[in-house]
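Me: I would like a close look at one part of this model. Please keep it brisk.

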Amino acid sequence: MHNLSCYNPSSFLLVGIPGLDKFHIWIGIPFCVIYVLAIVGNFILLYLIATEQSLHEPMFFFLAMLATTDLILSTATVPKLLSNLWLGFQEITFSGCLTQMFFLHFSFVVDSAILLAMAFDRYVAICFPLRYTTILTRQVIIKLMVSIVVRSFSVILPDVFLLKRLPFCGTRIIPHTYCEHIGVARLSSADISINIWYGFSVPLMTVISDVIFIAVSYTFILHAVFHLSSQGARQKALSTCGSHVSVILMFYTPAFFSILAHRFGHSVPRNVLILFANLYVAIPPALNPVVYGVKTKQIQDKFALLFSLKRTH
């Protein structure tokens, strides 16, 4: 019976942010505001793209997919964080922990692949403007979206089974605010070398390959832009990439910083690392709609029209 309970633990405890217990209520306020902004901003973005015929273009289909994934990412982590900080609900079931871990890592890999697809979209739009509609047809867009989901699902699903095979006979206290693969695996007394190898290398390799292909795309884009004859044409071409580059930097910079900090930042306090990890999953989903709203004229116009219509009614 003891062995069975080891392989089927009822629950784990998420300790929250250690050392900052008396500030938990105050820490929760900005996370709640950020989460509300993410939900409202992404739903408005999805509504505009769904209802406005002029936004039924490849770039906006990818943007809708990014908004949906951002909603999954923030909803998988922030509500549990707030219940922990404000209500002291630290317990999470084993199945709930695996579910949270799956959607956290799945949405991260999907986001990365969408950014690559958007880079390809900008590459075709700038380097082959006359063939843009014939290359990126609706069938091609659907195939790209399906392949993104299938790839991400295939890469992350083994994490669940790699954790389910482990015994958890010792501590079940997770020193974090959410479940992530290696953090949970380290609670097991068994050999977790396969978890470490797979958990770091496979998702990381998919993301690194995405980064390499994005860099290659933008190398071709810049080469094409600086060979345009007029200054105005160059500025217009670069402005269409501005919002995408901003989102790329917001997504990858803190991700790689967090990875490096966990790997080499042994002198960085644990609570700082946990705070940063939570800001990373909360802030980009809230800022992405703002960035695209500010830098994309079509969305600006439709957003202004939406609220002007509401005022008149």
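Me: Take S217: is this residue buried or exposed, and what is its relative accessible area?

Reply: S217 is buried, at a relative accessible area of 11% (buried means under 20%, exposed over 50%, partly exposed in between, with a 1.4 Å probe and protein chains only). This is a predicted model, where local features need pLDDT of at least 70, side-chain atom pairs count only at pLDDT 80 or more, and totals for chains, interfaces and linings use all residues. Residues are numbered from 1 along each chain as its sequence is written, and side-chain values use heavy atoms, without hydrogens and water.

S217 sits in helix α8, residues 193-225 (helices are DSSP runs of H or I, at least four residues; strands are runs of E, at least two; both are numbered from the N terminus). Leaving aside neighbours within four places in sequence, S217 touches A119, F120 and Y123 (contact means heavy atoms within 4.5 Å). An unreviewed UniProt entry annotates residues 196-225 as one of its transmembrane regions; positions follow the numbering used here, feature names are shortened, and annotations may be inferred rather than shown by experiment. That span is 100% helix and 0% strand, and its end C-alpha atoms lie 43 Å apart.

Now to the partner side. Helix α4 covers residues 94-127. Helix α4 lies across β1, β2 and β3, at about 85 degrees to β2 (axes are lines fitted to C-alpha atoms, for helices over the stretch in contact; angles run from 0 to 180 degrees between N-to-C directions). These 3 strands make an open, mixed sheet in the order β2-β1-β3 (strands pair if DSSP finds at least two bridges between them). β2 (91-93) and β3 (173-174) each have a single partner strand, so one side of each lacks a neighbour in the sheet. β1, residues 11-14, pairs with β3 in the parallel sense over 2 bridges. L14 has I174 of β3 as its bridge partner.

Helix α4 also carries C97. C97 and C179 form a disulfide, with sulfur atoms 2.1 Å apart (the cut-off is a pair of cysteine sulfur atoms within 2.5 Å). The whole structure has 1 disulfide. C179 lies in the loop between β3 and α7 (181-185), 82 residues from C97. The S-S torsion is about -120 degrees, so this disulfide is left-handed. C97 and C179 are both buried. C127 is partly exposed, at 23%.
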